[in-house]
Amino acid sequence: MAGPRYDCLDAGCFKLPSIIRGPDSGPVVVIAPPLFEEMNRCRNLLANLGRALEQRQIATILPDLPGSGDNVTSSATLPDWRSAFAALVATCVSVRPTYVFALRGGALLTDGGGCQGLYRYSPARSGQSLLRDLVRAQAIADQERTGDKVDLGDYDTEWTKGHIVRLAGYDINPAMAAALSALECPAPAVKLRTAEIDGPAVWRQAEPADSTALAEALAADFVAWIVA
Amino acid sequence: MSTASERNPPLAGNVESNVRQILADVLSLAPEIVAGIAKDSPLFGAIPELDSMAVAGLLTELEDRLDIIIDDDEIDTEIFDTFGALVDFAARKVAG
């Protein structure tokens, strides 16, 4: 295998630093990544998935959304994430067969519009559920640090005042909090598969378990689906 | 003659096995580690896989799999002091 390549890909008015694996022709899978800390915990799973698909002659693109990873944008909004991802998919669709693989929060950002199929694995239930996890994690961490139980409503109060709240290492401004609260998993615009494959919930783990077998199972299931 | 409590084991016993399984599943703990967790085993701060984000995830899994709702004012590190404290909390929620 050639190994991963790194490039800044055009996505509408954004440039998305991306990890690209696999052949330059044939099908490509654009990965809608998990959001916030869950992405860090899934990085190894997505690398394993990229390798497993490359072995099956399928290319993958794993973009850093505006304001995440190597994509330094201080003012990124949730609509930015959606439009940047949609533009990246549109760019791929114009040159080769394109599929979307959406994991966790990534599933909330795309309906797969324009591509040939949308594959979801463990999609987040809603933006509200992701925000709630961040708020709870911060409350637990704050209590651990100060010894005092936290009133979770305090974070809402800060947003009401227009302040940015740092949750589990992520600066969440009032607009992002509001957008997440309203974010639901969109109805698919293309053929959909939601995979039911057992594996470690690495996005929940401070020390993610080995995901090699899960990545292999996902890649095999994905290939069976696109050729069906 | 068996007592009522022996014929109908308290729900806490079932909750305990459920919580143990959820802990094992969420954190992908090795079977020998899961089997070795006792009521007085410390959790938060003692299991490296369990940090504040993992605690939040564990709460969500408990809600989903035990069909309970954990209120904002119940979010407290004391729930995770020991395995027994977590089981007791879950049992109280299941009992309503």
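Leu45(A), Asn48(A), Leu49(A), Ala52(A) and Leu53(A) sit in helix H1(A), and they meet Thr212(A), Leu214(A), Ala215(A), Glu216(A), Leu218(A) and Ala219(A) in helix H6(A). Sorted by class, this contact has 8 nonpolar, 2 polar and 1 charged residues. Keep in mind that the model is predicted.

Now look at the two helices themselves. H1(A) covers residues 37–54, and H6(A) covers residues 212–227. Their axes lie 8 Å apart, and the helices pack at an angle of about 45 degrees. Because of that angle, H1(A) counts as oblique to H6(A). The crossing of H1(A) and H6(A) is right-handed.

Helix H3(A), residues 127–146, crosses helix H5(A), residues 174–182, at roughly 130 degrees. Here the axes come within 5 Å. This angle makes H3(A) oblique to H5(A). Which residues meet in this pair, H3(A) with H5(A)? From H3(A) come Gly127(A), Gln128(A), Leu130(A) and Leu131(A). From H5(A) come Ala177(A), Leu180(A), Ser181(A) and Ala182(A). The contact has 5 nonpolar and 3 polar residues, and no charged residues.

Next, turn to the sheet of chain A. Strands of a sheet pair through backbone hydrogen bonds, either parallel or antiparallel. In chain A, 7 strands form an open sheet with mixed pairing. Follow the order across it: S1-S2-S4-S3-S5-S6-S9.

S1(A), residues 5–11, pairs with S2(A), residues 14–21, in the antiparallel sense. The pair has 7 bridges. Cys8(A) has Pro17(A) in S2(A) as its bridge partner. S1(A) and S2(A) form a hairpin with 2 residues between the strands. In this hairpin, Gly12(A) takes a positive phi near 60 degrees.

S2(A) also pairs with S4(A), again in the antiparallel sense, over 4 bridges. Arg21(A) stands opposite Thr60(A) in S4(A). Thr60(A) is also the bridge partner of Val29(A). That brings us to S3(A), which runs parallel to S4(A), residues 59–63. These two strands, S3(A) and S4(A), are joined by 3 bridges.

Are the residues of S3(A) mostly covered or uncovered? S3(A), residues 28–32, is mostly covered, with 5 of its 5 residues buried. Check both faces of the strand. On one side are Val28(A), Val30(A) and Ala32(A), and on the other are Val29(A) and Ile31(A). All of these residues are buried, and both faces of S3(A) are covered.

Now move to chain B. Chain B has 5 helices and 0 strands. From the N terminus on, its elements run α-α-α-α-α. Chain B has 96 residues, and 31% of them count as buried. Take the contacts in chain B between residues at least 6 apart in sequence: 69% of them join residues at least 24 apart.

Finally, see where the chains touch. How many residues of chain B are in contact with chain A? There are 19, and they contact 20 residues of chain A. On chain B, the elements that give two or more residues to this side are helix H2 (11–27) and helix H4 (52–66). H4(B) gives the most, with 8 residues. By class, the side of chain B that touches chain A has 10 nonpolar, 5 polar and 4 charged residues.

Notes: Residues numbered from 1 in each chain as written. Chains lettered and ligands numbered in written order. Predicted model: local features only at pLDDT ≥ 70, side-chain atom pairs only at ≥ 80, totals over all residues. Contact = placed C-beta atoms within 7 Å. Nonpolar A, V, L, I, M, F, W, Y, C, P; charged D, E, K, R; others polar. Axes fitted to C-alpha atoms, helices over the stretch in contact; angles between N-to-C directions. Parallel < 35°, antiparallel > 145°, perpendicular 65-115°, else oblique. Left-handed = near helix turned anticlockwise from the far one by under 90°. Buried ≥ 20, exposed ≤ 12 C-beta atoms within 10 Å, placed from the backbone. Pairing = 2+ DSSP bridges.
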